[in-house]
Structure formats: C-alpha cells, structure tokens
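Please keep the sequence and the model in view while reading.

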Amino acid sequence: MVESDRVKSRQDAFKQILRMNKEINFFEEALKDQSILSNFLNTTAQFDLGFSTKYAVHFSLYGKTIMALGTQKHRGFIENAYKFNDIGCFALTELRHGSNARGIQTRADFDPKTREFVINTPENSDMKVWIGAAGHLANMSTVWA
C-alpha cells in the first residue's frame, strides 16, 4: 500500500464515521446509558473492525476520559465529541515507554502568563503515538503527561 492510499483510506473512514453518526445520532441517550455505545461498537466490529476501532478510540478513550476526569466546564468537549464537531484521540503511549504510565516523560507545564499548559516532550523517543491512526484524523486529544 502506498502512502496516498493510506491517506485516502483514512479520509474515507472519517467520512464513513461522520455519515454513521449523522444517521444514528445517539448523543443524549448514550450519555445517560453507556451500554448503548458499547452495544453499537460490538455490533459494528462484526462488520468492520477498523471502523469500530476508530469509533471506540474517539468515544471510549477520548470522550470517556473527559467524562470521567473532567468537570462541568468540560461538558462542551463531550458534546463536541458526541456530535463529531471534534475528532478526539488518546495520547498516553510514548515511543520509548509504550503505554507504561509510570514511564511517561512528557510534561505539561502551566504557563501563568498565557494561562495555558505547555506540552514538553524531552526526547524524540518520548514522543506520543496514537492507536488506530487517530493522530491523522483527530483535532483534539486527551494527553497524559
């Protein structure tokens, strides 16, 4: 497979996810009952594991992390995830350490002047990597640092 085929495949997968989400639109129901999302993912996995994986990374790893660790002020991120206004990924894994959370080298330092967190990865081997090619589709991420 050449790189242009991979890019097209990712774009096609994203379009497929958007189409599916528009058709089913279960945002409010899934917030109340997480089994709806689980059942949907289990069912779609029987037909297209790649689609199901991308959907699961977005909802289960990105969305559920915000739901579990966020506060009311993060509600907009959850809504945007469920409505697919944003595509999320989950940045835990580092090239050198894999998904060993205790070995993470990436830091999030708060800058009081800008009131923002600055992400610092000290070595190239500490860079974040994503599952499901999510880094090629996502515009948002929950970053573990």
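Which residues does Thr65 touch, not counting residues up to four places away in sequence? They are Ser60, Gly70, Phe90, Thr142 and Trp144, where contact means heavy atoms within 4.5 Å. This is a predicted model, in which local features need pLDDT of at least 70 and side-chain atom pairs count only at pLDDT 80 or more, while totals for chains, interfaces and linings use all residues. Residues are numbered from 1 along each chain as its sequence is written, and side-chain values use heavy atoms, with hydrogens and water left out.

Thr65 has its place in helix α4; helices (H or I, at least four residues) and strands (E, at least two) are DSSP runs, numbered from the N terminus. Thr65 counts as buried because its relative accessibility is 14%. Here, buried means under 20% relative accessible area, exposed means over 50%, and partly exposed lies in between, with a 1.4 Å probe and protein chains only.

Helix α4 covers residues 49–69 and also holds His58. With a relative accessibility of 2%, His58 counts as buried. Leaving aside neighbours within four places in sequence, His58 is in contact with Gly63, Ala81, Phe84, Asp86, Ile87 and Gly88. For one of these residues, Ala81, the backbone oxygen is reached by the side chain of His58 at 2.7 Å. Such a polar contact is a pair of N or O atoms within 3.5 Å; within protein, one must be able to donate a hydrogen and the other to accept it, and residues adjacent in sequence count only if both atoms are side-chain atoms. Between His58 and Tyr82, 24 residues apart in sequence, the C-alpha to C-alpha distance is 8.9 Å.

Met67 is also placed in helix α4. How does the surface classify this residue? Met67 counts as partly exposed because its relative accessibility is 28%. Apart from residues up to four places away in sequence, Met67 touches Leu31, Gln34, Ile78 and Tyr82.

Strand β1 runs parallel to strand β4 (residues 140–143), and 4 bridges join them; two strands pair if DSSP finds at least two bridges between them. In this pairing, Phe90 stands opposite Thr142 in β4.

On the surface, Phe110, Phe117, Ile119 and Val143 form a nonpolar patch with about 400 Å² of accessible area together. Accessible areas come from the Shrake-Rupley method with a 1.4 Å probe, and for residues only the protein chains shown count as cover. Patches are made of residues with over 30% relative accessible area and no salt bridge, like charges being joined within 9 Å and nonpolar side chains (Val, Leu, Ile, Met, Phe, Trp, Tyr) within 5 Å.

The charged pairs come last. A salt bridge is a side-chain nitrogen of Lys or Arg within 4 Å of a carboxyl oxygen of Asp or Glu, and the count by this rule is 5. One of them joins the side chains of Asp12 and Lys8, at 2.8 Å from N to O. Asp12 and Lys8 are separated by about one helical turn, because they are 4 residues apart in helix α1 (residues 3–24). Asp12 is partly exposed, with a relative accessible area of 34%, and Lys8 is partly exposed at 47%.

Another salt bridge brings together the side chains of Glu94 and Lys128, at 3.4 Å from N to O. This pair links distant parts of the chain, 34 residues apart: Glu94 is in the loop between β1 and β2 (107–111), and Lys128 is in the loop between β3 and α6 (134–137). Glu94 counts as buried at 1% relative accessibility, as does Lys128 at 12%.

Asp126 forms a salt bridge with Arg96, their closest N and O atoms being 3.0 Å apart. Because Asp126 lies in the loop between β3 and α6 and Arg96 in the loop between β1 and β2, the pair ties together parts that are 30 residues apart in sequence. Asp126 is buried, with a relative accessible area of 0%, whereas Arg96 counts as partly exposed at 47% relative accessibility.
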